[in-house]
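Open the model in your viewer and keep the selection tool at hand. The tour goes helix by helix, then pair by pair.

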Amino acid sequence: MKKYIGEIGLFSIAIIWGSGFIGTKLALDGGLSAIQTLTLRFFIGSTILCIVFYKQIKENISKESLIAGAVLGLCSFIGFSTQTLGLVYTTVAKNAFITAVNVVIVPFIGFILYKRKLDKIGVISSLIALFGIGVLSLEADFSVNFGDFLTFICAFGFAFHIFFTGEFTAKYNSYVLTVTQFVVAFFLSLILQIVTKQTHIQSTTLGIMGALYLGIFSTAVAFLLQTICQSKVEQTRSALILSTESLFGTILSVIIFHEILTMRMVLGCMIIFASIIISETKLSFFKKKDLINSQTE
C-alpha cells in the first residue's frame with residue numbers, strides 16, 4: 001500500500017475535483033457570479049492553509065519557492081476562471097470532459113519548453129482528443145458553444161499547472177508552493193472582481209455552501225494532496241489519474257442535476273477518454289499481449 005500511496009492520493013483528489021463541478025454549479029445557481037465564486041474559493045482555501053501550516057511555511061519559505069508558487073497560482077487562476085465562466089454557458093458533463101483534455105497537452109509542454117522527446121502516439125492521441133471535442137462541442141451549424149471554448153482554454157491552464165507542479169515539487173516545499181499559489185490566485189480573482197464591479201455579494205445559503213465546499217475540499221484539501229502526491233508519482237501517470245475527475249463529474253451531474261446525456265455527448269466523451277488512455281498507456285497492454293503470445297508459441 002505504501003508503494004501506491006501517491007496513486008491512491010491522486011485518485012482521491014480526482015473524486016474531490018469531480019464533485020467540485022457540482023459545488024461550482026451550486027454556487028452559481030445560488031446567486032454568486034463566476035468571479036465571486038473564484039474569489040471566495042481561493043480566499044477560504046488560502047486562509048485555511050496559512051493557519052494550519054504556518055510553522056512549516058515559515059521554516060521553508062524562500063524567494064525561489066515564492067516565484068514557483070506564483071507561477072502555479074497564475075496557472076490555477078487561468079484554469080479555474082475559464083472553467084467556472086465556461087460552466088455558466090455549458091453543462092457540467094461537457095465542462096468536465098473537455099477539462100480532461102489537459103492530460104494530452106502535458107507532454108507537449110515538456111517538448112516545447114525542454115525539448116523532451118514527443119512520441120507518435122502522443123500526437124495521434126491529441127488529434128483524437130480534438131476530434132472528440134468537436135463531436136462533443138460543435139453545434140449543428142459547426143459553431144462552438146462559448147462555454148465549451150472557455151473550458152478548452154481552461155484545459156491548457158490546468159495542463160501547465162500539472163506540468164509545473166511536477167517540476168517544482170522536486171525542488172521546493174509542498175506547503176509553501178500550495179499556499180503561495182492560492183494567495184496569488186485569490187488576489188488575481190479579487191482584482192478581477194473589483195475591475196468588473198462585482199464586489200456586492202448576494203447569495204442564497206445553497207450558494208454559500210457551494211463556495212465553502214470548493215474552498216475547503218476542492219481547494220485546500222485537494223491541492224495540498226496534489227502537491228504532496230505528485231512528488232511521488234511521475235507527471236504522465238499523475239495527469240492520467242487526475243483526468244478521471246471528468247468521469248466522476250459527469251456521473252455526479254447525471255445523478256444530482258439529472259442532466260441528459262445525448263448519444264453525441266456520450267460518443268464525444270468516449271473519444272476524449274480513449275485519447276487520454278492512449279496518450280498515457282502508449283497501448284502498452286497490446287505490446288505485453290503480443291509478447292506473451294510469442295513466448296507461448
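Select helix α10, residues 205–229, in this predicted model. Now centre the view on A222. Here α10 has a kink of about 30 degrees.

Next, select helix α1 (residues 5–29) together with helix α5 (residues 92–99). Their axes are 10 Å apart, and the two helices pack at an angle of about 135 degrees. Angles over 145 degrees would count as roughly antiparallel, and those from 65 to 115 as roughly perpendicular. α1 and α5 are therefore oblique to each other. Their crossing is right-handed. Show side chains at the contact: α1 supplies F21, I22 and K25, while α5 supplies V92, N95, A96 and T99. By class, that contact of α1 with α5 holds 4 nonpolar, 2 polar and 1 charged residues.

Which hand does the crossing of α5 and α8 have, left or right? It is right-handed. On the α5 side, pick K94, N95, I98 and T99. Across from them in α8 are D148, T151, F152, C154, A155 and F158. The residues of this contact divide into 5 nonpolar, 3 polar and 2 charged.

Note on methods:
Residues numbered from 1 in each chain as written. Predicted model: local features only at pLDDT ≥ 70, side-chain atom pairs only at ≥ 80, totals over all residues. Heavy atoms only, no water. Axes fitted to C-alpha atoms, helices over the stretch in contact; angles between N-to-C directions. Helix = DSSP H or I, 4+ residues; strand = E, 2+ residues; numbered from the N terminus. Parallel < 35°, antiparallel > 145°, perpendicular 65-115°, else oblique. Left-handed = near helix turned anticlockwise from the far one by under 90°. Contact = heavy atoms within 4.5 Å. Nonpolar A, V, L, I, M, F, W, Y, C, P; charged D, E, K, R; others polar. Expected span 1.5 Å × (residues − 1). Bend = angle between axes of the 7 residues up to and from the residue.
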